[in-house]
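Subject: Structure handover

Hello,

Here is the structure I promised. Please load it before you read my notes below.

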Amino acid sequence: MLSYKEHKALKDRFETQLRVAMNKTDFMTGWLPKSATPGASAEHFAPSNIALCKYWGKRDTELNLPVNGSLSVSLDHLGSRTRVEPIDGETDSVWLNGTQQRPDSRFAKRVSAFIDLFRIYHPEQAFRVTTENNIPTAAGLASSASGFAALTKAMNDAFKLELSDTELSVMARMGSGSACRSLFDGFVEWQMGVREDGMDSYALPLEQCWPGLCVGLIHVDENEKSVDSRAGMQRTKETAHLYQSWPMQAAADLSKLQQAIAERDFALLGSVAEQNALSMHATMIASWPPLLYWQPDSVAAMQKIWKLRAEGLALYFTMDAGPNLKLLFEDASRGAVEAQFPGLEVVQPFGI
Ligand code: 2P0
């Protein structure tokens with residue numbers, strides 16, 4: 001019988017071996033056609049997305065494989081447009097919203113590391129990458145999902161890879177998990193998959209649409225978070241006992257959301273999305289050191305929503321790893337909601 005210490009040492013060694021066998025570069029070497037050549041410039045748009053059932057926690061941090069499946073709605077015209085151009089020189093030139101990013105900045109390093117995956121056969125080829133986000137900065141929406149999705153599509157064209165939508169979703173996931181959902185419009189499900197190489201962990205668009213569904217973006221605070229989602233989900237998974245209940249909750253919520261969408265049951269959709277977001281935040285608060293993204297204005301908005309709902313307004317919210325709320329309502333309530341939240345940015349992902 002192995003002691004606990006011996007058992008742990010064996011487990012660590014096994015996991016290290018697995019990691020060595022399946023890092024991103026190994027993955028790409030087995031996948032990319034050797035003929036892949038960086039020829040053309042290319043440009044693509046991808047929408048931002050809001051999760052109704054959240055992605056929170058990874059079972060593999062190298063390949064961005066999630067602990068749970070998630071479901072989102074894409075934000076139509078709000079997102080990122082990214083252009084890539086092969087250039088002479090040794091380093092990538094990365095531009096965001098008209099400003100060149102320092103090569104040692106977090107953003108430029110993440111973009112270059114992602115492009116490295118495509119240029120394994122042409123390590124000398126540098127790119128100019130230009131990204132424009134049309135997401136109002138005041139809405140405080142993360143842009144990594146739309147940015148990496150647009151970049152993935154552009155690199156696919158630049159290297160003439162002709163990858164399928166599913167393969168593009170797998171690729172985008174390795175840039176940023178939530179980016180795999182931004183490959184598609186409308187409702188999108190990211191199936192978590194079970195394989196170690198992640199080839200079954202990608203997003204799929206749902207067939208159903210929901211004309212009249214509204215997402216309202218409330219701005220509470222646009223300052224950069226001190227702990228980003230990537231670090232936040234890792235801390236939660238490692239330190240919050242409460243996290244043990246998260247995979248079960250997410251699985252149950254995912255199937256209730258599928259039901260709500262199939263039956264166009266707005267009260268079910270809104271209540272499940274709101275409870276899912278609050279449960280995710282509960283796991284964050286239960287981490288150590290604690291993670292509380294809420295500001296006093298976030299709590300004030302929640303209380304206002306609960307009061308309006310008690311008075312009969314069909315209004316719910318969701319929140320990501322930040323202080324800003326995203327309101328969920330239907331077109332019939334739009335006037336009443338806008339009267340309560342002046343200046344609200346409203347998106348109707350499926351039209352009226
Ligand atoms: C989501 N979030 O489902 C959840 C809810 C934040 C809270 O996906 O490390 O930026 O790049 O895979 O995709 C944000 O996480 O993290 C996110 P990485 P990502 O929208």
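**Two domains**

The centres of domain 1 and domain 2 are 23 Å apart, taken over C-alpha atoms. Contact between them involves 32 residues from domain 1 and 39 residues from domain 2. Domain 1 runs over 42-205, and domain 2 over 213-347. Keep in mind that this is a predicted model.

**The chain as a whole**

The chain holds 10 helices and 13 strands. The C-alpha trace spans about 60 × 60 × 35 Å along its principal axes.

Of the 352 residues, 50% are buried. Take the contacts with a separation of 6 or more: 74% of them join residues 24 or more positions apart.

Now the surface and the charges.

**Helix α3 and its neighbours**

Helix α3 covers residues 106-118. Its buried residues are Ala108, Val111, Ser112, Phe114, Ile115, Leu117 and Phe118. What do they pack against? Three helices are among the partners: α2 (24-29), α4 (144-158) and α5 (165-175). Strands β5 (93-96) and β7 are partners as well.

Strand β7 spans residues 126-133 and includes Thr130. Is Thr130 buried or exposed? Its relative accessible area is 18%, under the 20% cut-off, so Thr130 counts as buried. Leaving aside residues up to four places away in sequence, Thr130 touches Arg81, Thr82, Arg83, Glu85 and Trp95.

**Backbone points to check**

- Pro289 sits in the loop between α8 (266-285) and α9.
- Asn64: phi is positive, at about 55 degrees, although the residue is not a glycine. Asn64 lies in the loop between β2 (58-60) and β3 (65-66). With 2% relative accessibility, Asn64 is buried.
- Asn97: phi is positive here too, at about 50 degrees, and again the residue is not a glycine. Its loop runs between β5 and β6 (99-100). Asn97 is partly exposed, with a relative accessible area of 37%.

**Helix α9**

Helix α9 takes in residues 296-310, and Ala310 belongs to it. Why does Ala310 count as exposed? Its relative accessible area is 71%, and exposed means over 50%. How far is Ala310 from Glu263? The two are 47 residues apart in sequence and 24 Å apart in space, C-alpha to C-alpha.

**In brief**

Two domains, 42-205 and 213-347, make up the division of the chain. The positive phi values of Asn64 and Asn97 are others.

Best wishes

Notes:
Residues are numbered from 1 along each chain as its sequence is written. This is a predicted model: local features need pLDDT of at least 70, side-chain atom pairs count only at pLDDT 80 or more; totals for chains, interfaces and linings use all residues. Side-chain values use heavy atoms; hydrogens and water are left out. Helices (H or I, at least four residues) and strands (E, at least two) are DSSP runs, numbered from the N terminus. Buried means under 20% relative accessible area, exposed over 50%, partly exposed in between (1.4 Å probe, protein chains only). Contact means heavy atoms within 4.5 Å. Domain bounds come from an automatic or database domain assignment.
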